[in-house]
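Below are notes on the ligand site and the domain interface, for checking against the coordinates.

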Amino acid sequence: MTNSEQLFQKAKTFIPGGVNSPVRAFRAVGGNPVFIKSAKGAYLHDEDGNSYIELINSWGPMILGHAHELVEKAVSDAIQQGFSFGAPTRREVEMAELICSMVPSVEKVRMVNSGTEATMSALRVARGYTGRDKLIKFEGNYHGHGDSFLIAAGSGAMTFGEPDSPGVTKGVANDTLTAQYNNLTAVQTLINANKGQIACIILEPVVGNMGLVKPVEGFLEGLRRICDEEGIILIFDEVMTGFRLAKGGFQERCGVIPDMTTMGKIIGGGMPVGAYGGKKEIMDMVSPLGPIYQAGTLSGNPMAMAAGLAMLNHLNETPSVYSRLEEIGTTLTNGMKANMDKLGLKYTINHVGSMFTLFFTDQPVNNFEDAKTSDTALFGRYFQAMLKRGIYLAPSQYEAMFLSTALTDEHIQMILEANLESLREVI
Ligand code: KE4
């Protein structure tokens with residue numbers, strides 16, 4: 001047995017499924033997960049001495065590559081001053097001011113410890129602000145594991161959602177309505193059937209969690225119009241896209257400004273950080289200023305703030321990061337298209353900036369139904385073939401790849417060579 005196999009065997013004795021987050025168990029692609037010992041730049045190094053050029057970057061945070069010296073220095077300096085105080089600190093003020101200056105929709109912001117905490121809190125604030133109970137989310141969008149978001153679509157506008165996990169109650173499911181992504185008619189139908197009862201609409205403005213799916217022309221603008229007409233809070237869940245697709249998130253790129261934004265991943269520079277923010281009149285409802293309660297022992301933790309500030313300040317001051325990421329994304333996806341065309345394969349590649357997904361389907365992918373036409377068994381074989389060649393992809397067809405500026409032109413060529421060889425092996 002390899003060291004990873006031995007570790008996985010032992011992990012399953014003490015941790016459910018042997019992992020602390022389900023997707024890491026490789027169940028969607030088969031085989032056993034490799035256990036990572038260290039990472040630097042564009043590489044992961046596992047417990048058996050194998051190295052991988054990686055395209056997950058901790059599911060987004062490592063946009064500058066692993067263990068970037070800027071972040072490393074910030075954390076090592078911060079450690080000298082103590083680890084956690086549970087009291088207000090200078091860095092939290094600097095972080096809040098920086099986020100408000102970078103993200104167009106954010107006038108006030110509250111730090112939390114994960115994307116899940118951010119979306120749970122934003123939902124509570126939207127409900128408290130509007131006095132309404134229901135929310136609309138979209139199939140194929142993931143907003144963390146809060147009960148209100150673990151809801152499968154109901155069969156029609158009048159039928160409410162169904163719990164998507166044991167432990168989520170019918171009562172919770174009754175307040176969650178689900179629509180098809182990119183379908184404004186479906187949204188309007190739900191609103192008409194639940195007039196005056198909907199607190200918020202929450203979505204990923206570019207979806208990463210069904211594989212990458214882009215908003216079609218007019219979709220985001222339509223949601224903005226509908227929310228204005230109906231007094232509904234529009235929440236962009238930019239936990240993935242925030243600070244990645246532009247320094248101000250996708251809202252900076254598309255020009256549609258939500259009422260609230262949830263953030264995570266990059267914001268912590270690799271440390272556990274989330275945040276939610278939005279219009280001052282909404283955020284002023286949050287305790288201790290307002291009546292809506294939300295709290296956290298480690299929120300705004302000084303070491304995490306140091307890591308996040310180092311990363312966000314660099315992104316804010318270095319526009320060339322985003323032009324380089326666009327260049328890497330375009331070169332990589334064009335190269336993969338050329339490889340697939342050379343082999344006469346049917347595929348769809350959806351790409352925005354430093355995020356993309358290669359779908360093994362012959363049709364466009366604009367919603368979850370489309371995504372589910374993909375050949376997930378073929379994706380699993382492709383994933384293993386790429387891993388064998390030292391390329392670490394997201395272990396599911398329904399995830400996006402996340403690029404970093406640590407990828408060189410040589411890395412891109414190595415990935416494309418592995419892509420062609422792997423496709424030849426598995427088709
Ligand atoms: P966390 O609680 O995992 O920090 O964030 C939840 C979350 C919220 N919103 C969006 C748009 C997200 O993508 C996420 C988490 N993303 C997943 C990747 N599909 C994290 C990976 C995992 O679950 O292990």
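1. A polar side-chain atom of lysine 265 sits 3.1 Å from a nitrogen atom of the ligand, and one of aspartate 237 is 2.7 Å from a ligand nitrogen; polar contacts are pairs of N or O atoms within 3.5 Å, and within protein one must be able to donate a hydrogen and the other to accept it, with residues adjacent in sequence counting only if both atoms are side-chain atoms. The protein covers 85% of the 540 Å² of accessible area that the ligand has on its own (Shrake-Rupley method, 1.4 Å probe).

2. This is a predicted model, in which local features need pLDDT of at least 70 and side-chain atom pairs pLDDT 80 or more, while totals for chains, interfaces and linings use all residues. Numbering runs from 1 along each chain as its sequence is written, and side-chain values use heavy atoms, without hydrogens and water.

3. The ligand is surrounded by 16 residues, each with a heavy atom within 4 Å of the ligand. Domain 1 (3-67 + 319-426) and domain 2 (69-317) each contribute at least three residues to this shell; the bounds come from an automatic or database domain assignment.

4. The area buried between domain 1 and domain 2 is about 2700 Å², 61% of it from carbon and sulfur atoms (accessible area, 1.4 Å probe, that two parts lose on being put together, summed over both). Of the area that domain 1 buries against domain 2, Tyr322, Val352 and Met355 supply 23%, more than any other three residues.

5. Glutamate 326 and arginine 253 form a salt bridge, with the closest N and O atoms 2.5 Å apart (side-chain nitrogen of Lys or Arg within 4 Å of a carboxyl oxygen of Asp or Glu).
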